Amino acid sequence: TGGQIGNNDSADDVLNVDLTKVHYLSGPFDVEGAKPGDLLLVEIMDVQPFQDQPWGFTGVFDRNNGGGFLDEIYPSAAKAIWDFEGIYCTSRHIPGVKFAGLIHPGILGCAPSAEVLSMWNKREGELIAANKLERKVALPPEPQSAHAGSADEATSKKVGEEGARTVPGRPEHGGNCDIKNLSRGSKVYLPVHVDGAKFSVGDLHFSRMLSVAPLISFDTPI
């Protein structure tokens with residue numbers, strides 16, 4: 001969230017979070033020699049929180065600002081802060097609970113080609129148009145808060161108007177995987193669509209539970 005969530009006892013920051021400023025990534029990194037059609041092998045050597053910020057949070061987004069899989073049951077914003085000690089964490093907001101985390105990146109992937117990006121925007125635009133649910137099923141390109149690095153004005157405008165968001169995850173490049181087992185010692189093979197691969201990684205989690213219905217994560221500044 002770009003530091004929007006604080007280590008405090010109020011859920012107002014979750015209630016009012018700007019969801020155009022989430023999933024900060026490191027990258028893109030050029031991989032020498034990588035060409036379209038290649039597979040990029042990424043080995044995760046280690047993942048640790050910042051030493052001066054050994055904490056994370058669990059957030060329940062308000063139904064009117066992000067929501068979640070169970071927002072019919074839990075419609076209001078809520079938050080728990082977790083303090084890290086080695087591989088374990090505890091929370092003053094959930095007393096008596098202590099468990100070992102499995103730190104991992106929620107997002108890692110290579111940049112799409114122009115053709116792949118166009119396919120995503122078409123596919124997700126059709127999904128949004130056909131959606132009859134009372135929740136968002138995909139997020140279209142959003143110029144607000146788009147970050148184009150050192151690109152010129154014309155390119156920055158194009159990025160905002162056409163660039164893919166990190167939701168939903170997409171099978172063509174890795175992306176928003178949210179797989180807890182992609183932790184230290186894991187290897188993942190990612191399709192390369194552009195010269196240099198343009199690999200990016202971010203959205204770090206201290207722990208995560210995956211099941212059929214709810215999805216719970218503990219985000220952390222890493």
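Modeller: The accessible surface of the protein chain is about 13200 Å², and carbon and sulfur atoms hold 56% of it. This is a predicted model. Of the 222 residues in the chain, 33% count as buried. As for charge, there are 20 positive and 29 negative side chains, and the centres of these two sets are 4 Å apart.

The overall dimensions come next. Along the principal axes, the C-alpha atoms fill a box of roughly 50 × 40 × 35 Å. The radius of gyration is 18 Å, which agrees with the value near 17 Å that a compact globule of 222 residues would have. Among contacts with a separation of 6 or more, 71% are between residues 24 or more positions apart.

The chain has three helices and eleven strands. Read from the N terminus, their order is α-β-β-β-β-β-β-β-α-α-β-β-β-β.

Now to the loops, beginning with the one between strand S9 (residues 187-191) and strand S10 (199-210), where Ala 197 is found. Ala 197 is not a glycine, yet its phi is positive, near 70°. Lys 198 lies in the loop between S9 and S10 as well. Lys 198 also has a positive phi without being a glycine, in this case about 55°. Lys 198 is partly exposed because its relative accessibility is 27%.

The peptide bond that joins Val 167 and Pro 168 is cis, with omega about 0°. A cis bond is also found from Gly 27 to Pro 28, with omega near 0°. Pro 28, however, is placed in strand S1, which covers residues 25-29.

Gly 163 belongs to the loop between H3 and S8 too. Leaving aside residues up to four places away in sequence, Gly 163 touches Leu 117, Pro 141 and Lys 158. Its C-alpha atom is 9.9 Å from that of Pro 112, a residue 51 positions away along the chain.

A disulfide is a covalent bond between the sulfur atoms of two cysteines. How many disulfides does a search of the whole structure find? The search finds zero. Cys 177 is in no disulfide, and the nearest cysteine sulfur to its own is that of Cys 110, 11 Å away. Cys 177 has a relative accessible area of 26%, so it counts as partly exposed. Cys 89 has a relative accessible area of 1%, and therefore counts as buried.

To return to the loops you asked about: the stretch between S9 and S10 holds Ala 197 and Lys 198, with positive phi values near 70° and about 55°.

Conventions: Residues numbered from 1 in each chain as written. Predicted model: local features only at pLDDT ≥ 70, side-chain atom pairs only at ≥ 80, totals over all residues. Heavy atoms only, no water. Helix = DSSP H or I, 4+ residues; strand = E, 2+ residues; numbered from the N terminus. Rg over C-alpha atoms; globule rule 2.2 N^0.38 Å. Buried < 20%, exposed > 50% of the residue type's maximum accessible area, 1.4 Å probe, protein only. Contact = heavy atoms within 4.5 Å. Areas by Shrake-Rupley, 256 points an atom, 1.4 Å probe, with all protein chains shown as cover. Lys, Arg positive; Asp, Glu negative; His and termini not counted. Charge placed at Lys NZ, Arg CZ, Asp CG, Glu CD. Disulfide = S-S within 2.5 Å.
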